[in-house]
Structure formats: structure tokens, C-alpha cells
Amino acid sequence: MREGSPGRVCPLTTGYLEPVATTTLPAKKKGVASSSIGLKFLMAGTGVIFILYVLLHMYGNLKALAGQEAFDTYAHHLRTFGEPMLPYGGLLWVVRIVLILALVGHVYAALRLIARNNAARPVKYQVKKNVGSTLASRTMRWGGLALFAFIIFHLIQFTIVKPNLYGAADSEAIKESPYVMISAAFAMWWVLLIYVIALVALGMHLYHGIYSASQTMGLNNTATARARARAIGAVVAAVIVVGFLIPPVYIFIDSL
Amino acid sequence: MNLTLKIWRQAGPTAKGELVTYQVADISPDMSFLEMLDVLNEQLINEGTEPVAFDSDCREGICGMCGLMISGQAHGPERTTSCQLHMRSFRDGETITIEPWRANAFPIIRDLVVDRSAFDRIIQSGGFVSVNTGAAPEAHSVPVPKEKADRAFDSAKCIGCGACVAACPNASGMLFLGAKVTHLGELPQGQPERNGRVVKMLETHDLEGFGGCTNIGECSAACPKEIPLDVISTLNADLRRAASSGS
Ligand code: HEM
Ligand code: SF4
Ligand code: FES
């Protein structure tokens, strides 16, 4: 279109199209971050940070199978890692700060997207069937809420307060030896139950989340790539669930 | 066939609507869904009541006007448009609920008719290629790899019916948007405006009040043209590239 022309009339809306002065439209950077896809980038990016952390965490937990000395030494090493370049517990705090920031970002994006999505359909259908989606994909919000509640419980139980909820003989030993702490905790059936439920929630969140994140990051541009992303999501979710379950189940059975 | 129909009746954009129950008898299984509604409307006119307003144009599955939510599925139980759906897909004696597309971005005009011009505004904001018109260029002067031509063509099949928005729990327009962005983005002619296109079209999409994508796939399962979910991935990739290039 020539410069300065008044613009074409759109036959569908009989409104004027914006005149285009040059043949390329300028990309506006403003607003991308808070657009519906920009918020998903934040969601996927922080989600990937969680996945990497959760994999490391799972690997560390498996050391519990090697006995008290191995597990307590490992827990100690996490704190002395990087010394003397880092202070005692320095690396742990770097990881904690990254995770807290990721959590804030993840929940912020989740809340904004949920508000937008609810507003996009103010009147619900009287009858609605779901035919193309998995249960996991439709329960991301509830699963996320369950994970949030679990993370708070988990931090109080094993990091911040370490209360003796288990009627164990020695409350001091629970505070001092991580191995004694988890042994006392997972001997209780109800503690095991809470963790099994939380891991089912995590498994479902990741079964859809890993696939969804790859889709959000724009990696699935063919049907094959999409099928592969689904399979990777299923495998990684299964590895994480099973890997986390092994130590608690082992301790519980051992305590019988 | 004898059928019970529960149809959303709403006198105008701001009127309160409700489901009203009607009976139709002697429907042929070979009728299309819209022909069945025509029979109902003749019956209503004979009774002296207002006929049900619904949209249609081509009645051959190419214009995208005829969107109806049929018993909870966009365009009904088959993967086609409502006009190409036939009554043999239903059982004799069945109760069928018919509702309009429900989305903030698609306001109801009357009964089952919604205003889908939000889609036109998305297209106007970037879903085109700015070339000077003139004699058609020689088709072979710009080579296009086969896979890209195929993917562009598959994406170009979108008829803008809005079933994707209707079926999505978030009323998101991302499948439509992805189809348009992929269609032009796979072709050489679409490259110069590629970054600006995705940013502007997404901005309009969001302003029109569509929801965001949660990658669950109800849209693609409802799409009569079987637009696949990977167009949404391409849309996301294009936005990522546009944002990081900052051009
Ligand atoms: C505080 C707890 C959490 C809440 C409230 C939460 C909530 C959510 C919500 C609402 C979504 C969006 C779903 C969608 O758009 O379909 C999501 C996506 C995701 N979450 Fe979480 N989540 C939490 C914790 C986690 C954890 C612990 C992980 C990983 C170990 C994780 C990984 C992911 C991934 C990978 C995605 C997909 C991102 C995408 O769709 O692009 N989340 N989360
Ligand atoms: S993507 Fe499919 S469902 Fe959505 S408007 Fe286009 S043809 Fe209709
Ligand atoms: S009336 Fe044109 S697609 Fe159905």
C-alpha cells in the first residue's frame, strides 16, 4: 500500500484497516512479558527450574538407602559444598533463593492466567464434554494448590521446625541427624500416606507440565516432536515419582 | 426420528437467556443438523412463535458460520462443521442440547448467533502479507520446500469457525491464532513481517478477551479442519523469537 493512503475497507466489518506505511510491521516489545503467552514463558521457565531441582533432590534422597552415616554425611556436604569460596551453607542458600524466586514467579503467573481464563468465559455451558484432554491437564490448578500446601508442610516438617510428631524417644536426635528424622517420620503410616498423595499430585502435574512446557517454549513443531514430548513427560514424571517413593517405602517396611 | 431439543433462547445481547425444550417428529436420518433446525423453525412459525436464530451460509463446511455447541461438543459428535453433521449421528428419542459458543470475546447477538468479529480484528492486526498488487508472479519464481508448503496449506485450512474457542475451557483463541501465524510463517512471503505479526496478533487476541492456552488439546479435538496442536507451539516459538530479537 502506498504511503498516506487512507486504508482499505474491510469487507467483513466495514471498518478501516490501519494504513501500513512500510512493508514491515514494527514489532512492539512492550507488553510481550505480560501477554498471555509471556506469562506462560514465566510459568514454563520456573517449572523447568523446579524439575531440575526435584531431580537432584530425588537423587540425594536415594542416599538414605546407604544408611545413617552416608546420608548424614551427604547432608553435611550440602552445607560445606564450595568452601572456602562460599560460607558454610552458602550453596544451599543460593539454591533456596533461586527456588523461592521461582516459586513466586510460578504462582504469580498461575494466578494471573487463571484470572484471565476465568474471565474469558463468564457464562458457563449447561452441558460440556471433554474429549481431547487428559485428567492431568485439567487438574493443573488443583494439583498446584495441593503441591503448594505440601511444600509448606514439608518445609515445616523437615527443614524449619522439625517437630517430633512421631512419639519418638529422642526429639534432639531428630533435630541433629537427618537420617534419624526421616526414619522416625516414615515409620508412621500417615506420614507415608501424605507423601504418597503429594507424589501422585506431583506426578500428574509433571506428566502434563513437562509436555506443556515444551509446547510453551515452542519446541514441538511437528506431530512427531509432540508425541516425543508427551513420552518424555510421562517417563520423567514416572522416574521422579518412583525415585521419591523408594526411600520412604523402604523405611516404612523396614520399621514393621 | 423423534427428538427432544433443549435450545438456548435469548432475545438479545443483554437479555437473560434460558434453555427451552421443543419436540420434533419424523426427522430423516439423512437430514443435516441445520435442516433439522429448519424443520423446527417451520413448526414454530406455524405455531406463531419466534423461530430460533442460528447462523449458516455455505452449508458445505467451508465458510465457518454455523458454529453450534451440540450436547456439550463444538459442532457435535463428529469431526465436522454443524452444517455437515447428519442426523444419523444421533439416536431416535435422543435429547439434544444446543447452545451458542460461549466466550467473552464472542458476545451473543440472539439465541444461537454470536458475533465472531473478534477473529476479523485479529486478522486485521497482522494476519496478512503486505505486497504491492499487480500481475500474479510466476509460481515457480520463489521455491518453497514441500514440507513447508504442506504445513502452510494444512494451517490455511482454518475457516475461522471458532469451535476451538468454544471447546477450550479457557475460551482461548490460540489454535486459530497459531493456524494463521503458521500459515504465513512457513512461506517465504510471510518472513519480512513475521516478528511484528505475532506480537500484534497476540496483543489483539488478548485485548479481545480470549483466554490463554493450557495445552490441553480440546481445541484441536473439536476443529473441523483438524488443525493440529503444533501450530500453537510454532506460535509460541515465533513470539519467543520476536521478543528476543526486539526488532
Ligand atoms: C506452589 C506450587 C505450585 C503451583 C501453585 C503450581 C501451579 C501451576 C499451574 C496453575 C500451572 C499452569 C497450568 C497450565 O497453564 O496448564 C503450572 C504449570 C507447570 N508447573 Fe506448576 N505449580 C506448582 C509447583 C510446581 C512444581 C513443584 C513443579 C515441578 C517440580 C511444577 C512444574 C510445572 C510445569 C513444568 C508447568 C508447565 C508450564 C507450562 O504449561 O508451560 N510446578 N503450575
Ligand atoms: S482452528 Fe479449527 S476450530 Fe479454530 S477457527 Fe480454525 S477451523 Fe475453526
Ligand atoms: S454453514 Fe458454512 S461451514 Fe457450515
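Ring pairs tie A:Phe150, A:Phe158, A:Phe186 and A:Tyr195 into a cluster. Rings of Phe, Tyr and Trp (its six-membered ring) count as a pair if their centres lie within 6.5 Å; planes under 30 degrees apart are stacked, over 60 edge-to-face, and the rest tilted. Keep in mind that this is a predicted model, where local features need pLDDT of at least 70 and side-chain atom pairs count only at pLDDT 80 or more, while totals for chains, interfaces and linings use all residues. Residues are numbered from 1 along each chain as its sequence is written, chains are lettered from A and ligands numbered from 1 in the order in which they are written, and side-chain values use heavy atoms, with hydrogens and water left out.

**Aromatic rings**

- Searching the whole structure turns up 11 aromatic pairs over all chains. One of them is A:Phe71 with A:Tyr74, a tilted pair at 6.3 Å centre to centre and 35 degrees between the planes.
- Those two residues, A:Phe71 and A:Tyr74, both sit in helix H2 (residues 68-80) of chain A, 3 residues apart, about one turn of the helix. Helices (H or I, at least four residues) and strands (E, at least two) are DSSP runs, numbered from the N terminus.
- A:Phe71 is buried, at 8% relative accessible area. Here buried means under 20%, exposed means over 50%, and partly exposed is in between (1.4 Å probe, protein chains only).
- What kind of pair do A:Phe71 and A:Tyr179 make? Their ring centres are 6.4 Å apart and their planes at 65 degrees, so the pair is edge-to-face.
- A:Phe71 lies in helix H2 of chain A and A:Tyr179 in helix H7 (residues 178-186) of chain A, so this pair ties together parts 108 residues apart in sequence.

**Charges over rings**

- The charged end of A:Arg96 sits over the ring of A:Trp93, 4.9 Å from its centre. To count, NZ of Lys or CZ of Arg must be within 6 Å of the ring centre and within 35 degrees of the ring normal.
- In chain B, B:Arg102 lies over the face of B:Trp8, at 4.2 Å from the ring centre.

**Cysteines**

- How many disulfides are there over all chains? The search finds 0, with a disulfide being a pair of cysteine sulfur atoms within 2.5 Å.
- Take B:Cys168: the closest cysteine sulfur, in B:Cys219, is 6.5 Å from its own sulfur, too far for a bond.
- B:Cys168 is buried, with a relative accessible area of 10%, whereas B:Cys63 is partly exposed at 24%.

**Salt bridges**

- The count comes to 17 salt bridges over all chains, each being a side-chain nitrogen of Lys or Arg within 4 Å of a carboxyl oxygen of Asp or Glu.
- B:Arg88 bridges to B:Asp30, with the closest N and O atoms 3.5 Å apart. The two residues are 58 residues apart, so to speak in distant parts of the chain, and B:Arg88 and B:Asp30 are both exposed.
- B:Glu186 and B:Lys148 meet in a salt bridge too (3.5 Å, N to O). B:Glu186 is in the loop between helix H5 (174-185) and helix H6 (194-207) of chain B, while B:Lys148 is in helix H3 (residues 146-156) of chain B.
- Is B:Glu186 buried or exposed? B:Glu186 is buried, at 12% relative accessible area, whereas B:Lys148 is partly exposed at 36%.
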